[in-house]
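Here is a short note to read alongside the structure. Please keep the view open while going through the points.

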Amino acid sequence: METQAKTLLRLQDVCCGYGGAEVVHKVSFSVAEGEKLCILGANGCGKTTLLRAICGLLAYTGSITAQGTEVRGTRRRALARKIALMSQGAAADFDYTVYDTVLMGRYAHSRGLLGDIDAAGRDAAADCLRRCGLWELRDRLVTRLSGGQLQRVFLARTFAQDPAVILLDEPTSHLDLKYQLELVDLLRDWAARPGRAVVGVLHDISLALRLADTLVLMKEGRVLDHLPAGRLQPTQLQAVYGVDVASYMRQALGYFSP
Amino acid sequence: MGRLQRPGPGTRRGRFGRGPGLRALALAAAALAALMLAAGVGSVPVSPADIARVLAHRLLGTPLPADFSPILEGLVLNIRLPRAALAFGVGAAAAVGGTVMQSVLKNPLASPYGLGVSSGAGLAAALMIVSGLAGGALGSLALPAAALAGGLAAAGAAMALAGRLDRGLSNNTIILTGMVLSLFLNALMSTLSAANPEYSQRILLWQLGSFSGRGWDAAAIVWAVTAVCTAAFWAMGRALDVMTFGEEQALSMGLELRRTKAVLIVLVAALTGTAVAFAGVIGFVDLIAPHVVRRFFGARHRVVLPMAALLGGGFMALCDLAGRTLASPSEIPVGSITALIGAPFFIYVYFAGRKRG
C-alpha cells in the first residue's frame, strides 16, 4: 500500500507583482499529494498575489508546474482541471439555482461546441451537492442564500471542478465561526482522497492550523520558513506578523478560564 | 454510485411550479398574439383570420376568397405585416443584445448601445442625411448600410481602445471606453446637426427611431441577423452562465475569457448595429426584457435568450402599435412609448425583486 507521494504543485524561483512592482520574490516550494499547505503572513506580504500567479491569473517569472505542466501558457480549460481557486471575492448576482451553480463547476470538463455536460458530470455535481449538505437546497436560488450557504455552494462548485489542487484565498473571512470550521472540515475530507492537495491563505491562524499539515511563512514577498504545522514556534509567528501572536491567543483564551 | 435523476431543467419548485415549459409556451403565444395585433389594429382593422389568409395565400398559394379586397391584401402584405415584423425583429435583437451585455459585463444596467454602436450609427446616419446621400440615388438601403458601418466602426474603435488600455479587457475598461466614445460621437453629431439646421429635424427623427415606411427587405435582414446571432449566443450559453460569476471566477473555472468576450461583443455589435441601422436607437427594451425574463425563467442563458427574444419582440410590436394609433393620425416615436411603459415597469420589477430578497 505504501506509495511515494507525488508532487502536484511545484514553484521554483517565482517572482510576480503588479505593473512592474515586484511583490513576490523568488518563492520556491512544492506541494505533495494529500498535503494541506497554508501560507501565513501579514497583509501585503504577497500571499494572494502568489495564489493568483499559481492559478494563471497573473504573469510570473520562474516556474510554476501543476502535475508537471507549466501553468504559463496552459489553456484555461486544461488548467482548470488541475487547479481551482476559491476566493472571497465570489458573489452571486444572477438567479441561478444551487444545482445549476454547482453544475457550472463541470465547465472545464464539458465537451463539444455546445459545452455539453455528460451524465457522469451531472452525477459528480450531485455527489458534491450531497457531500456539502446542499442536496435539500438544490432548487433554491443562490441570490437568496445566506453567506454561509453561498460559500458552501461555491465550495461544492469547486469540488465539482475536480481539480488536483484547490487554492483558497481567504474564503472564510466573512463567515461565522461555525461555517468556517465546517468549510475547513469539508476541505480536509476532500484532500484525503488520492491525487489531491490544498493550498490556502487563511487570515485566521487557528483556522489555518486546523487545516494545514504544512506551513509556509512569508514576509515581504519572501519565504521565511517552510515547516510542518506541528513545529510552528511562537517566535516565528512574531517574526512574520510583528506582534506576539501566541501570548495574544493565550490572553484571549484567558477570558474563559476560571 | 447509481445514476442520478437530474432535477430537471430550470427546476424552481415551490416558486414557479414545474419547469419553464408551460410558461415558455404562454410567452410564445403572447408574442404571436402581439404580432397579430400589431398587424391587425389600425384605421382599417384586419382580423387575425384575414391576416392568416393573406399569409397562406402568399406563402402556400391557397386562394383568397373571391370577395377579398385587394386593397386589404396590399395593406396587410406591404404595410402592416412588414412593419410589425420589423418591430418584432428589432425588439428581439435589443432584448437578446441586452441579455448578453448584462452577462458579459456582469452589470444589470449594461446595454448593447453602451458599446458605442448607437452613437457611431447615429453619426454615420447624420453624415448621410446632411450630405444628401440618404434616400438619393443610392437606394433605400444606403442609409441603413452607412449606419451599420458607422456602428461597427465605433464599436471596433471602442474595443481596440479598451484592448490597448487594458490587455485583460476588463469590464470597467469596456464600459468606460464605450461611454467616453459614445459621448464624443454624440457631441460630433450634435455639432453637425446644429451646423445644418435644415436637416436637424430629420436627424432627430432618425435618432428617435421608427418602423414606418420599411419594407420586407428591412424586416428580413433584421430577422436573419437576429436569428443567427441568437443561435450563436445560445450555443455559447454555458460560457455566458459562467461569466456571470465574475472574471476571476470564470477564468479559474476554465473559460478563455478574453477570447469569448471579444467574440460575444463583436456579435452584439453586429446585432445591435443592424437593428439601429433600420430603426434608430430605441431604448429600454434591451434593459427591461432580460430582467423580466430572468425573474420568470431563472438565469440560464439557454432559456433566457429565446425567451428574451420573444418578450422583446412582442413588447416592441405592441409599443409600435401604441405609437401609431394613440395619437393617430400623427405618430408618437416608438422610443418614447418604450420609455413611458418601460421606466415605471422596470422600477416596479427591479424593486419588487429587491423586497422579496
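Predicted model: local features only at pLDDT ≥ 70, side-chain atom pairs only at ≥ 80, totals over all residues.

1. Chain A has 9 helices and 10 strands. Its radius of gyration is 19 Å, close to the 18 Å that the globule rule gives for 258 residues, so chain A is as compact as a globular protein of that length.

2. Along the principal axes, the C-alpha atoms of chain A fill a box of roughly 55 × 50 × 45 Å. Of the 258 residues in this chain, 43% count as buried. Among contacts in chain A with a separation of 6 or more, 68% join residues 24 or more positions apart.

3. In what order do the 4 strands of the open sheet in chain A lie? The order is 2-1-4-5, and the pairing is antiparallel. Strand 2 (21-32) and strand 5 (69-70) stand at the edges with a single partner strand each, so one side of each has no neighbour in the sheet.

4. Within chain A, strand 1 (residues 7-18) pairs with strand 4 (residues 60-66) over 6 bridges, in the antiparallel sense.

5. The contact between the chains takes 36 residues from chain A and 30 residues from chain B. On the chain A side, helix 2 (76-80), strand 6 (83-87), helix 3 (98-103) and helix 4 (119-131) each supply at least two residues. Helix 4 of chain A gives the largest share, 5 residues. By type, the chain A side divides into 17 nonpolar, 8 polar and 11 charged residues.

Methods. Residues numbered from 1 in each chain as written. Chains lettered and ligands numbered in written order. Pairing = 2+ DSSP bridges. Contact = placed C-beta atoms within 7 Å. Nonpolar A, V, L, I, M, F, W, Y, C, P; charged D, E, K, R; others polar. Rg over C-alpha atoms; globule rule 2.2 N^0.38 Å. Buried ≥ 20, exposed ≤ 12 C-beta atoms within 10 Å, placed from the backbone.
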